[in-house]
Amino acid sequence: MLVKLQFLNFFNFFCNRKLLVAFCLIVTIQMFGHGDLSERILLKTIEIIEDPENYKLYYERGFLYQQHIDYNEALEDYIKSESLGNTDKVLHYRMAEVNYLTNAYSNALVNIGAYLKVDSIDVKAKKLEAQILFKLNEYEKSLKSYQYVLQNTIDLRPEDIIEYTHIILSENNKNYNSAIVAIEFGLQKLGSNTISLQLKKLEYLKESEQVEKALQQFNYFIIQFKRKEFWFYKKAKYLIEINRKKEARITLKFATRSIEELDTRFKNMESIKKLKEQIKNLENKTNQ
Amino acid sequence: MIKISAQLILMLFTFFSFTQTAIADIPEIETIARIKNFGVSSDTTAVKVERGPYLQIATPTSVVVKWRTNVPTESVVNYGLELGLLSDKESNFNEMTEHEVSLTGLKPNTKYYFNIGNEAGVLSESSTGDMYVITAPKVGTKQFVRAWILGDAGTANNNQRNVRDAYYKYVDTESANTGKTDMMLFLGDNAYRTGTDVEYQNAFFDIYHNMLKKSVAWSCLGNHDGYSADSATQSGPYYDIFSFPTGGQAGGTPSGTEAYYSFDYANIHFIILDSHHSNREVGGAMYNWAQTDIQNTTQDWIVTLFHHPVYTKGSHDSDTEDRLIEMRENFMPMMENNGVDLILNGHSHSYERSYFLNGHYGFSNTFNPNEIKNGGHTVGISGKGDGKTDGDGIYQKTNEATAGAVYITTGSAGKTSGGDLNHKAMSVSLNELGSCVMEVEDDGQGGQNLTVKFIRENDEVDDYFTINKKGISQKVESIKKAEKEITVKKNAIALFDADKDVVYIKVNPGERLKKVKIYNNLGKRVIKSKKSNIDVSGLQKGMYVVEVKTDKSTYTETIIIE
């Protein structure tokens, strides 16, 4: 009798379409699924089946979808969560993120605006706003938002500074001086030897044809680094680009000698073998 | 009906997912004690250490000690060379709960005992001498180094504890260098599910408490850490818990961010990348930093770690997942060309270890172990073997043959998750719990061996391999001097006499010296002369180019003034 009852329960269970789908999902995930997120999405789906009017659950699943890079599903869940009464500012932030990531910039701007109405000093939200405005070609507004980020973020990253300079140059593609000022600000905040910023400074000095300053910047790298061979080569290459062949020749001599000074194993690395070839090619150019 | 059925599904699912964690997840005794203490304590203001101490950013002369107290108080570290005589003290009188004290002015490669406390007294100490830091050796030192490598450890269950205990047993019973663990290398996902502070307490501090107070912990960011941490603002538990060198203070190139950084230990250079949040493109900030960093090291060994594996067919697939493909295609050509030796990844909850590779950046099915020509896919005669002394032979690097690296995906320090485990670049693929230990030591023949062992949770060593480098213990300076003398003899146009601080110019017979110019390494002319004996006593040490003009030609020569 008990066995029969259990069989009937089991039969009923499989007759429920929703649950059958969920069961199939489980099996599928076990067979093909990779990663913990898929499992968590499924668990959240089961919770939603249990409690379909709970906006919190839709938000949570939406965020899981977002992390899983299923942006459409994420947005659907966020919208559903909002329709069920979720007024949390974080929901607007997530919607802004997803819209931004799916290139729906106007919608993203509306979402982040709703967030900032509630919390106008959140640097993360201001940064997203700046990024959205940048995509909408609203460069001045974007710069204003980003300035707030730079002034108020405790732990800035080199990437933040570089992104800010990209906006500066998008607003005015000749405004290298402001971009370099921003780089200097970053170096002051993050440490004067932060390499990605020093490299970006060099790039801007070259692009803005500030030749002597660019050469000084090459010299900074030559002084700063133990191994100088790559920097001598890069400086020589630039000297040739600006048609200062004699200086390039001398700089290439330093590059070659620096390689000779390396331990044997470094000399035999692919990067150094390639560098030697590049030096040879440049030497030929200086002799032309 | 729905409710019961849903529960059934949930149970079924749970059974599928967590079969390997069948043993109940029992909190550690110390955690229980702490919780109970909170519940019954009548003195709510008593200062207690809730977390740590743990060690960060060790250099040859400094280390950072961190801990947490239940209420704000001052920070004091007493330290010294003898357990009973902690005569040095470093304090911070600001009251706080998150304590971070830098000990500076230390001697390299030296053991310092310490305790932590506040102005009122000691809050945590070890009477048996198990709370100490051994400072890093001077950069370039060739000595035994042992690193414990833990990938995806943070389950806070008995799987994790068994893996931990197997390593503790290993290190305590090794006949040589018993008990020595120079560092812990965490490959991310250190605390499931989302790397929250509480999860870190349970899966990191409570589990590794005994090791964290005597061995320095380094880590890269995992995707689960990244759920609660934000690299864009370097905030959240991961960034709050760890302190990493952003300014190159532990060796390496300043990155300006804790998301990726490098450090030196002995003669090993470690490069830690963020494969989760940071831009992985060639030419991106992280790539530019990594390239500059690796091209500036003169260390004998280069080890890199990041979370997402470049080769895996475990619970993740390096043929289909973006981050994994990008790290392989973008970073690995550059790193291989600059001599990387060992790549440590997690993410897949298994142990997968490659052959001795070079130049394979495609999908699994494009891997050809028999391709040993320049650029891939395996290196040397033993490259497609198992890398074992008692097997196909160890992997070999020499000063002439510098290519070859082993890739390890070791993400099973907390759980296993299966997968096909059939990546063709892998020599070994195991769906087993375990952690790895890396040991670097002299080979007795002027070189060094880098050996990695996979230590199972049942104490078995299921895999090991060795990379040998020849000739790295030779006196490089003396070789260089000999080479230089030969160079000088061959190129007699300019000769530096160090005893007299003079550069002699010798022109070819039949030519007349007209002018000599000497340039420093920034390209600035520092001397102009018409003499054949030039006083250079006013020049700084360094490399110079001497340009000699005769009536027939112009010659250039480099000299080094030492």
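How are α5(A) and α6(A) oriented to each other, roughly parallel or roughly antiparallel? In this predicted model, helix α5 of chain A spans residues 71–83 and helix α6 of chain A spans residues 89–101. Their axes come within 10 Å and cross at roughly 150°. Angles over 145 degrees count as roughly antiparallel, and α5(A) and α6(A) are therefore roughly antiparallel to each other. The crossing of the two helices is left-handed.

Asn99(A) belongs to helix α6 of chain A and has a relative accessible area of 5%. Buried means under 20%, so Asn99(A) is buried. Leaving aside residues up to four places away in sequence, Asn99(A) touches Leu75(A), Ala104(A), Tyr105(A), Asn107(A), Ala108(A) and Asn111(A).

Attention now turns to chain B. The largest nonpolar core has 176 residues, and the members that touch the most others are Leu185(B), Tyr208(B), Phe263(B), Phe270(B), Leu273(B), Leu342(B) and Met438(B). With residues up to four places away in sequence not counted, the contacts of Leu273(B) include Cys220(B), Tyr260(B), Trp289(B), Thr304(B), Phe306(B) and Met335(B). Another core lies apart from this one; it has 16 residues, among them Val516(B), Ile534(B), Val536(B) and Val548(B).

Conventions. Residues numbered from 1 in each chain as written. Chains lettered and ligands numbered in written order. Predicted model: local features only at pLDDT ≥ 70, side-chain atom pairs only at ≥ 80, totals over all residues. Heavy atoms only, no water. Core = buried A, V, L, I, M, F, W, Y, C linked by side-chain atoms within 4.5 Å. Buried < 20%, exposed > 50% of the residue type's maximum accessible area, 1.4 Å probe, protein only. Contact = heavy atoms within 4.5 Å. Axes fitted to C-alpha atoms, helices over the stretch in contact; angles between N-to-C directions. Helix = DSSP H or I, 4+ residues; strand = E, 2+ residues; numbered from the N terminus. Parallel < 35°, antiparallel > 145°, perpendicular 65-115°, else oblique. Left-handed = near helix turned anticlockwise from the far one by under 90°.
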